[in-house]
Amino acid sequence: MGSNMTPKDVLSLIEREKVQVVDFRFMDFPGMWQHFSIPVTVFDESLFTDGLGFDGSSIRGWQAINESDMLVRPVAESAFIDPFSAYKTLVLICNICDPISGEDYTRDPRNIARKTEKYLQALGIADTAFFGPEAEFFVFDDIRFDQNEHSGYYFLDSAEGRWNTGRDEGPNLGYKPRYKEGYFPVPPTDSLQDLRTEMMLHMEDIGIPVEAQHHEVATGGQSEIDMRFGPLVTMADNILKYKYVVKNTARKHNKTVTFMPKPLFADNGSGMHVHMSFWKDGKNQFYGDGYAGLSETALYAIGGILKHAPSILAFTNPTTNSYKRLVPGYEAPVNLAYSSRNRSAAVRIPMYSASEKAKRFEFRCPDPSCNPYLAFSAMVMAAVDGIQNKIHPGDPLDKNIYDLPPQEAAKVKKTPGSLRAALEALSEDHDFLLKGDVFTEDVVETWVDYKLTNEVAAIDLRPHPWEFAMYYDA
């Protein structure tokens, strides 16, 4: 439950809490948490060094069947008591290793994040990369979907959904946030206050410091809980704990949560704005006397992120649905520019962060469907490339983008329009990720291939319901 926990501390915790089950968790390649459990009677301290074998052949994006044996090696400081299990369960996040060599597995996303931290330290640019992600989600009451050879649909519902103002609810009490006005009236319009509080308190119980919880802009139950910033690997771990807590708390109340970026048509999608800063020897390397109180280092880091944004998005916005949120003409951060004011700019410098301690920038493109280990790592590697090569981001975009004359607006580069375009950008521009052997050529190739085959092609093959509305009478 703390960053300084040792294997011995874990054993004391097991005894103190009368733990019955130990649950080992790790991240698959695309970004889902996986797990298996053992009785506490067979758990001992040697597992922290020797690890525990399992078959990795069915894990998405991993080993071929002939080399499927893998090893999980639990991390003592990641330990927490599961708030949802009927039997007292201790959870340990694990690294994945090769059982023969004992080396960290190159396709383990957590390993990539650990290598990123080590690479940053080895360069002397910073000893810590701090991340503060703001993950949004929807709480729904019902979700149904199906697609087969001759039909396809999805149907979702929320007692809060504005579309239900006319439904006979015996009685309908009418407090349903208007479209784009969910940010943030008090209850009874906000019907999820107690649910989000329960989520927040569970997070605090398992060691995640929380700063705020609130309703978000969209109708139909959009919400956000803000965690306090932390170092890269810790913060990626915390995102997984966050998703776990949010989904399971909702389920307890017979509700369902999605982190899908764009589940509702014609209302706001769910993003995950990511605040980032580099620190060294207790000093914020992004604080300075440049634009918006930024240092030259910070501006070069922004330059690297903007330059490599199309390929970073293959990790930070890794679903076909992600690009239904990143559409020009709305509040979406589709402009590859930086600004202290403009929320449609990909990089924003929050102006309430004037002090040295709080100075940072915010990458607004990512969404919560991403694998946080890979997303944060790609951001750091792009920022490092910017710093090393002194990539200046040019002038800030402080004017309202919608007021710009067409010629000027056309000069502002845009985010990719689809997952396919982002994956193509990643294929062409990934040398910056390979530095220090952080990402490998195999990781990049496997990611692109997995996404194209399993997601892009799968969507391309299927008729869309709206195509019938547009073309049936052709």
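**Starting from helix H3**

Helix H3 covers residues 109-123, and its 15 residues reach 21 Å from the first C-alpha to the last, close to the 21 Å expected at 1.5 Å a residue. Here helices (H or I, at least four residues) and strands (E, at least two) are DSSP runs, numbered from the N terminus, and the expected span of a helix is 1.5 Å times one less than its number of residues.

A quick word on ground rules. This is a predicted model, so local features need pLDDT of at least 70 and side-chain atom pairs count only at pLDDT 80 or more, while totals for chains, interfaces and linings use all residues. Residues are numbered from 1 along each chain as its sequence is written, and side-chain values use heavy atoms, with hydrogens and water left out.

Back to H3. Its buried residues are Pro109, Arg110, Asn111, Ile112, Ala113, Arg114, Lys115, Thr116, Tyr119 and Leu120; buried means under 20% relative accessible area, exposed over 50%, and partly exposed in between (1.4 Å probe, protein chains only). Just after the helix, Gly124 takes a positive phi of about 80°.

What packs against H3? One answer is H12: the buried residues of H12 pack against H3, H6, H8 (372-388), H10 (419-428) and H11 (431-434), where contact means heavy atoms within 4.5 Å. The buried set in H12 is Val443, Val444, Thr446, Trp447, Val448, Tyr450, Lys451, Glu455 and Val456. H12 itself takes in residues 441-460; its 20 residues should span 28 Å at 1.5 Å a residue, and the end C-alpha atoms are 26 Å apart, which agrees. There is still a bend of about 40° at Leu452, the bend at a residue being the angle between axes fitted to the seven residues ending there and the seven starting there.

A straight helix of 21 residues would span 30 Å, but H6 spans only 25 Å between its end C-alpha atoms. Look at Ala309, shortly before the proline Pro310: a kink of about 75° lies there. Of the 21 residues in H6, 17 are buried, so the helix is largely enclosed by the rest of the structure.

Now the nonpolar side. In soluble globular proteins, nonpolar side chains tend to be buried together. The largest nonpolar core here has 122 residues, with Phe278 and Phe439 touching the most other members. Apart from that one lies another core of six residues, including Ala337, Leu397, Ile401 and Val412. (A nonpolar core is a set of buried Ala, Val, Leu, Ile, Met, Phe, Trp, Tyr and Cys residues joined through side-chain atoms within 4.5 Å.)

On to the charges. The structure holds 23 salt bridges, each a side-chain nitrogen of Lys or Arg within 4 Å of a carboxyl oxygen of Asp or Glu. In one of them, Arg60 pairs with Asp28, the closest N and O atoms being 2.9 Å apart. That pair links distant parts of the chain, 32 residues apart: Arg60 is in the loop between strands E3 (52-55) and E4 (69-74), and Asp28 in the loop between E1 (21-27) and E2 (33-39). Asp28 is buried at 0% relative accessible area, whereas Arg60 is partly exposed at 33%.

Asp190 and Arg196 also form a salt bridge, with closest N and O atoms 2.6 Å apart; Asp190 is buried at 7%, and Arg196 is buried at 1%. For Glu362 and Arg348 the corresponding distance is 2.9 Å. Glu362 sits in strand E18 (residues 361-363) and Arg348 in strand E17 (residues 345-348), 14 residues apart, and both are buried. Elsewhere, salt bridges that share partners join Asp157, Arg167, Glu169 and Lys176 into one network.

Glu216 sits in the loop between strands E10 (210-215) and E11 (222-227). Not counting residues up to four places away in sequence, Glu216 touches Glu136, Gly182, Tyr183, Gln222, Ser223 and Glu224.
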